[in-house]
Amino acid sequence: MSRFRPTDKREVPGLNLAAMPDLIFTVLFFFMIVTHMRDVKPKVQYQIPQGTEIEKARQSGMVYLFIGKPVNQLGEVTSNETCIQLNKRIVALSQLGDAVKREREKMSEDARQHMVVSIRADRDTEMGLINDVKQELRKVGALNINYSATMKGNKPEIRR
């Protein structure tokens with residue numbers, strides 16, 4: 001017969017943490033890939049209007065046009081005059097066409113063909129100004145326009 005050793009000296013083995021850094025970097029890499037970073041910081045305050053038929057837009061070839069009241073670095077409204085911001089800079093209505101042309105020239109050929117101007121206007125913006133903006137965009141051949149809105153029933157939010 002064989003002899004058995006006493007079992008009272010056994011201990012629970014330590015937890016192997018050798019794979020922990022791999023797991024952490026994998027999760028970190030995943031979040032870096034799926035996170036969308038905002039590349040255009042609005043310099044105007046706008047409150048998005050509500051709509052009933054909303055679709056998500058493609059990101060390639062997008063030119064963002066913000067229309068609202070100007071804000072400073074702290075997000076405080078500095079004037080009651082409505083301003084137009086094209087991507088990262090504020091432009092006058094008369095300069096809008098040339099600015100859109102310059103943005104189009106910076107794009108790749110495929111993005112140029114599918115360029116979309118996304119208008120994010122304050123809900124209190126006069127329709128006459130929106131119409132003037134559309135006329136300027138029409139002059140330079142920027143005919144694909146979408147308007148940003150929130151779903152009806154959602155609480156409207158103020159963006160800065």
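In this predicted model, R112 and E109 are joined through their side chains by a salt bridge, with N and O 3.4 Å apart. The term salt bridge is applied here when a side-chain nitrogen of Lys or Arg lies within 4 Å of a carboxyl oxygen of Asp or Glu. Both R112 and E109 belong to helix α3 (residues 109-113), where they are 3 residues apart, about one turn of the helix. Helices (H or I, at least four residues) and strands (E, at least two) are taken as DSSP runs and numbered from the N terminus. R112 is partly exposed, at a relative accessibility of 32%. On this scale, buried means under 20% relative accessible area, exposed means over 50%, and partly exposed lies in between, as computed with a 1.4 Å probe on protein chains only.

Residues are numbered from 1 along each chain as its sequence is written, and side-chain values use heavy atoms, with hydrogens and water left out. The model being predicted, local features need pLDDT of at least 70 and side-chain atom pairs count only at pLDDT 80 or more, whereas totals for chains, interfaces and linings use all residues.

By the salt-bridge rule, the count is 4. One of them links K106 to E103, whose closest N and O atoms are 3.5 Å apart. These two residues lie 3 residues apart in helix α2 (residues 96-106), and are therefore separated by about one helical turn. K106 is exposed, with a relative accessible area of 63%, while E103 is buried at 10% relative accessibility.

Which residue does E136 meet in a salt bridge? The partner is K139, and the closest N and O atoms of the pair are 3.4 Å apart. E136 and K139 are 3 residues apart in helix α4 (residues 127-139), so about one helical turn separates them. E136 is buried, its relative accessible area being 16%, whereas K139 is exposed at 65%. Salt bridges with shared partners also join R89, E103 and K106 into one network.

Attention now turns to the aromatic rings. The structure holds 2 aromatic pairs. The ring centres of F30 and F31 are 5.5 Å apart and their planes meet at 65°, so this pair is edge-to-face. F30 is partly exposed at 47% relative accessibility, and F31 is partly exposed with a relative accessible area of 47%. In the pair of Y64 and F66, the ring centres are 6.5 Å apart and the planes stand at 20°, so the arrangement is stacked. Rings of Phe, Tyr and Trp (its six-membered ring) are paired if their centres lie within 6.5 Å; planes under 30 degrees apart count as stacked, over 60 as edge-to-face and the rest as tilted. Y64 is buried, with a relative accessible area of 11%, and F66 is buried at 2% relative accessibility.

Finally, where is E76 placed? E76 lies in the loop between β3 (62-70) and β4 (83-86), and is partly exposed, with a relative accessible area of 46%. Apart from its neighbours within four places in sequence, E76 is in contact with P70 and V71, where contact means heavy atoms within 4.5 Å. The C-alpha atoms of E76 and V44 are separated by 9.5 Å, and the two residues are 32 residues apart along the chain.
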